[in-house]
Every structure is written in structure tokens, then in C-alpha cells.
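Me: I would like to go through the labels attached to this model and ask what each one rests on.

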Amino acid sequence: MVKPLGNEKCARIDATGYARLGAYAFTLLELLVVIAVIAILAALLLPVLSRVKVKVKTENVRMEMGQIATAINEYQSAFNRFPVSAEIANSVAALEEDYTYGGTFYGATGKVTVAGPGAYLKDNHELMAVLLDLEYYGNGQPTINHGHVKNPQRTKYLSPHLAMDTNSAGVGPDGAYRDPWGLPYMITLDLNLDGTARDIFYRSPAISQDPGNPNQGLNGLVRKTDAQGNPTYEANVPVLVWSPGPDKHINTDIKANLGENKDNILSWKR
């Protein structure tokens with residue numbers, strides 16, 4: 001015969017002699033403890049998940065930057081020229097300069113436009129039109145490759161994600177190729193054909209000169225002089241690609257390895 005344990009209904013003893021749990025209700029205090037534990041675990045896990053997400057995006061950026069550089073080099077090898085418009089070529093020819101496709105970014109005190117040199121300032125949409133063999137952008141505007149004049153072999157050198165707007169990752173309807181944080185990739189081409197690329201942002205001694213050695217540049221850049229005899233910093237490759245990174249900021253007044261510039265993602269960084 002099985003007898004109940006006192007007057008309690010939360011347990012019983014069966015024929016084997018073992019106590020088994022019956023109906024049991026959590027007290028308010030127990031529920032609060034459980035909620036507190038969940039909140040603590042969430043607070044601990046969210047920063048970890050955020051870091052993992054940034055790391056995944058960063059690796060994706062590195063992959064896309066490598067693909068862009070490879071596509072440009074393949075085009076240059078096929079046509080013995082870079083995929084640029086006559087306007088860009090003419091704007092830097094007299095300056096004996098390279099050219100950087102840039103954009104408008106968040107600076108230390110507001111938005112700042114970085115591109116050039118020269119007066120013809122563009123993001124990378126013209127470049128993408130040639131590499132993707134686009135005659136028209138997604139918004140219906142004709143490209144510099146209309147009639148396949150810049151890409152007569154009609155070769156698609158890239159296969160990027162196509163974005164539905166101009167704030168998302170991928171190539172937007174305006175033709176610009178943006179990073180996972182919605183900013184256009186900065187792309188510099190060796191248009192003066194000296195075997196090195198001089199980025200419009202990283203060329204500055206204020207940004208790239210190593211404080212411990214003026215003859216050495218940060219992030220693997222080398223010191224040279226431009227056509228006017230001014231010190232400048234360049235990379236020993238014909239194509240540079242970079243992104244402002246997850247903070248979406250750059251700063252023209254501090255070194256490349258500090259502050260807003262520290263998380264910039266660079267195709268040439270050692």
C-alpha cells in the first residue's frame with residue numbers, strides 16, 4: 001500500500017520505494033533568479049557574438065578586396081591599360097599621379113570626401129561598370145562602358161552581390177561596390193605606371209610616416225617623393241583597396257595605426 005508523504009502533493013512513493021516528483025510550482029523568487037541568470041548570460045554572450053560578427057564581415061571584406069585587385073590586374077593584363085575613364089586619365093596625367101576612387105566618409109568632425117587627386121572625384125562606380133561589363137547602371141543611367149567600349153571582349157571580371165539600394169553591401173543600383181558597412185571600397189590604381197600605388201589618403205606623412213623612422217611608412221608603405229618633390233608613402237603593388245572598417249570612420253589628422261584609422265582594413269597591410 002502506497003502512502004502519501006505527509007500532506008504534501010509534490011511527491012509520492014511508488015511500489016519500488018522511490019520518491020517521484022509530482023506537480024510543483026516555481027515561486028516568484030525562483031523565477032526572478034532564473035531571469036537574472038539568463039540576463040547575465042546574455043550580457044556575457046552578446047559582446048562575444050558581436051565580435052564574431054565583425055570578424056566574419058572583416059574576413060569577407062578581405063576576400064572581396066582580393067577579388068577586386070585580381071579583377072583589375074586581369075583587365076590590365078588583357079588590354080594593357082587600366083579600366084578608367086578618359087576624364088580620370090586626363091585629370092592625373094599632368095600631375096604624374098595615381099588615382100584613388102573614393103567616397104564620402106565619417107571624419108573626426110563630420111563627413112569628409114576622399115578621392116582624387118584632381119577635380120574629377122568619383123567613387124568606384126565607373127571602375128565597376130568596366131569590370132562587370134555594364135552598359136547601364138541599375139538606376140538606368142548609361143556607364144562609361146556604353147557600347148562595351150571599355151570592355152570589348154565583354155568579360156565579367158567580378159561576380160559581386162547585387163544590392164537593392166545604395167546603403168547595403170555589394171554593387172548598388174548606382175554601380176558603386178560597397179563594403180558590409182555600406183561604404184564604397186577605396187581603390188587606387190598605378191596610373192603613373194611607376195610600379196607602385198599612391199593612395200590619396202595614405203600617401204600623407206601625417207598619416208603614414210613612422211614616428212620612429214621617417215624613412216619608413218606604417219602598414220608596409222615605402223617613402224618616396226612625388227612630382228613636386230614632396231615626401232609621400234606608397235605600396236609596392238599597382239592596385240590598393242581598403243575599407244574604413246566597422247567604425248566607418250577615418251581621421252586625416254592622426255596616424256594610420258591610431259584612433260579611427262586603426263580598424264581600417266587594407267589590402268596591402270603586412
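**Labels and what they rest on**

Me: What kind of model is this, and how many helices and strands are there in the protein chain?
Reply: This is a predicted model. The protein chain has four helices and 13 strands.

Me: How do you know what the radius of gyration of the protein chain is to be set against?
Reply: For 270 residues, a compact globule would have a radius of gyration near 18 Å, whereas the protein chain has 29 Å. Along its principal axes, the C-alpha trace spans about 105 × 50 × 35 Å.

Me: Why is Leu158 called buried?
Reply: Buried means under 20% relative accessible area. Leu158 has 6% relative accessibility, so it counts as buried. Leu158 is placed in the loop between H3 and strand E5 (170-171). Leaving out residues up to four places away in sequence, Leu158 touches Gln67, Ile68, Ala71, Met128, Leu131, Leu132 and Tyr177. Its C-alpha atom is separated by 19 Å from that of Pro142, 16 residues apart along the chain.

Me: Why does Val54 count as partly exposed?
Reply: The cut-offs are under 20% for buried and over 50% for exposed, with partly exposed in between. Val54 is at 30% relative accessibility, and therefore counts as partly exposed. Val54 is part of helix H1. In space, Val54 and Pro246 are 7.0 Å apart, C-alpha to C-alpha, while in sequence they are 192 residues apart.

Me: Why does Asn80 count as exposed?
Reply: The value for Asn80 is 66% relative accessibility, and exposed means over 50%, so Asn80 counts as exposed. Asn80 lies in the loop between H1 and H2.

Me: Why is Arg154 exposed?
Reply: Arg154 has a relative accessible area of 54%; the cut-off is over 50%, so Arg154 is exposed. Arg154 sits in the loop between H3 and E5.

Me: What is the phi of Asn80, and what is that of Arg154?
Reply: Phi of Asn80 is near 60°, a positive value in a residue other than glycine. Arg154, which is not a glycine either, has a positive phi of about 55°.

Me: Which peptide bond is cis, from Gly116 to what residue?
Reply: The bond from Gly116 to Pro117 is cis, with omega near 15°. Pro117 belongs to the loop between strand E4 (111-116) and H3.

Me: What makes up the largest nonpolar core?
Reply: This core has 31 residues, and those touching the most other members are Ile68, Ile72, Met128, Leu131, Ile187 and Leu189. Two or more residues come from each of helix H1 (28-79), helix H2 (86-93), strand E3 (99-106), helix H3 (125-131), strand E7 (186-189) and strand E12 (239-243). H1 gives the most, with eight residues. Another core lies apart from it, with 18 residues, including Met186, Ala235, Trp242 and Trp268.

Me: Which residues is Leu131 in contact with, beyond its neighbours within four places in sequence?
Reply: Leu131 is in contact with Ala71, Ile72, Tyr75, Pro83, Thr155, Lys156, Tyr157 and Leu158.

Me: What share of the residues in the protein chain is buried?
Reply: Buried residues are 40% of the 270. The accessible surface of the protein chain is about 14800 Å², and carbon and sulfur atoms account for 58% of it.

Note on methods: Residues are numbered from 1 along each chain as its sequence is written. This is a predicted model: local features need pLDDT of at least 70, side-chain atom pairs count only at pLDDT 80 or more; totals for chains, interfaces and linings use all residues. Side-chain values use heavy atoms; hydrogens and water are left out. The radius of gyration is taken over C-alpha atoms; the globule rule is 2.2 Å times the number of residues to the power 0.38. Buried means under 20% relative accessible area, exposed over 50%, partly exposed in between (1.4 Å probe, protein chains only). Accessible areas come from the Shrake-Rupley method with a 1.4 Å probe; for residues, only the protein chains shown count as cover. A nonpolar core is a set of buried Ala, Val, Leu, Ile, Met, Phe, Trp, Tyr and Cys residues joined through side-chain atoms within 4.5 Å. Contact means heavy atoms within 4.5 Å.
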